[in-house]
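Today I am looking up helix packing and aromatic rings.

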Amino acid sequence: MIAWLEPDDPLPDTALALGPNSDAPGLLAAGHDLSPQRLTEAYRRGIFPWFSAGQPVLWWTTDPRMVLPVAEFKLSRSLRKTVQAFRRTPGCDVRIDHDAGAVMRACATTERPGQDGTWIVPDMREVYAQWHREGAVHSFETWVNGELVGGLYGVSIGRMFYGESMFASRSDASKIALAALVCFCRAHGIEVIDCQQETAHLASLGARPWPRARFEAHLRAVVDQPRPGPWTYDETLWSYLDAPPAGPAS
């Protein structure tokens, strides 16, 4: 059984999440509170919401947890050439938080192979938009001639970035945004990007699974550190694309 949360109830200990042999591995609790306050409590402990339309808010803490240590980001030869061509082309630029709402809408509405519908339901978009206005949610956006063609958004708490979703309407546009995020993280001392779910695509970019205990230990070390800033992107950050690996993240 999982806990049902009333608005003032704390989230349970993550050790109480359903195990690997259950129908919903990692499911911890359910309720109706999806406020920025509840989200802050959850993310600081490595818990995230994931539910479909018509369901209560479901809280998860997966084990293992997919993460991308930014020192281990795999920059393929083709992606390097794509980024270089993008940087040389007039009218192409990366922006941070220029239109986070548009990025979230695009992530919610982009069709994905093997997926029926979206977990980015209207309630999620509304509360993450509010959290964005409060300074916790940020978007990395790929623009071409004034058109948003790809991007991603995620949550920043302390020196941790939690990736939420990405989209592309042109080839490699989301990968360019991810490369920009990696550069930003390297420049600002963020060692790890949370990816939540394990996929072959993320693994091809350098992400790998961590045991929940290791992930939670990393969070305890970084979530109370000063949040980075300013959240802007300029050409100098691309110099971190070829930053030498700093060794495995703690």
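How are α3 and α4 oriented to each other: roughly parallel or roughly antiparallel? I worked from a predicted model, where local features need pLDDT of at least 70, side-chain atom pairs count only at pLDDT 80 or more, and totals for chains, interfaces and linings use all residues. Residues are numbered from 1 along each chain as its sequence is written, and side-chain values use heavy atoms, with hydrogens and water left out.

**Helix packing.** I looked up helix α3 (residues 100-109) and helix α4 (residues 122-133), which pack at an angle of about 155° with axes 10 Å apart. Helices here are DSSP runs (H or I, at least four residues), and strands are too (E, at least two), numbered from the N terminus. Axes are lines fitted to C-alpha atoms over the stretch in contact, and angles run from 0 to 180 degrees between N-to-C directions. So α3 and α4 are roughly antiparallel (over 145 degrees). I noted the contact residues (heavy atoms within 4.5 Å): A100, M104, R105 and A108 of α3 meet R125, Y128, A129 and H132 of α4.

**Rings.** I found eleven aromatic pairs (Phe, Tyr or Trp rings, the six-membered one for Trp, with centres within 6.5 Å; stacked under 30 degrees, edge-to-face over 60, the rest tilted). F161 and W231 make a tilted pair, 6.4 Å centre to centre with 35° between the planes. F161 sits in strand β9 (residues 160-168) and W231 in the segment after α7 (212-222), so the pair ties together parts 70 residues apart in sequence. I also checked burial: F161 and W231 are both buried (under 20% relative accessible area, 1.4 Å probe, protein chains only). Y128 turned up again, linked by ring pairs into a cluster with Y43, W131, Y153 and Y162.

Technical notes:
Buried means under 20% relative accessible area, exposed over 50%, partly exposed in between (1.4 Å probe, protein chains only). Angles under 35 degrees count as roughly parallel, over 145 as roughly antiparallel, 65 to 115 as roughly perpendicular and the rest as oblique.
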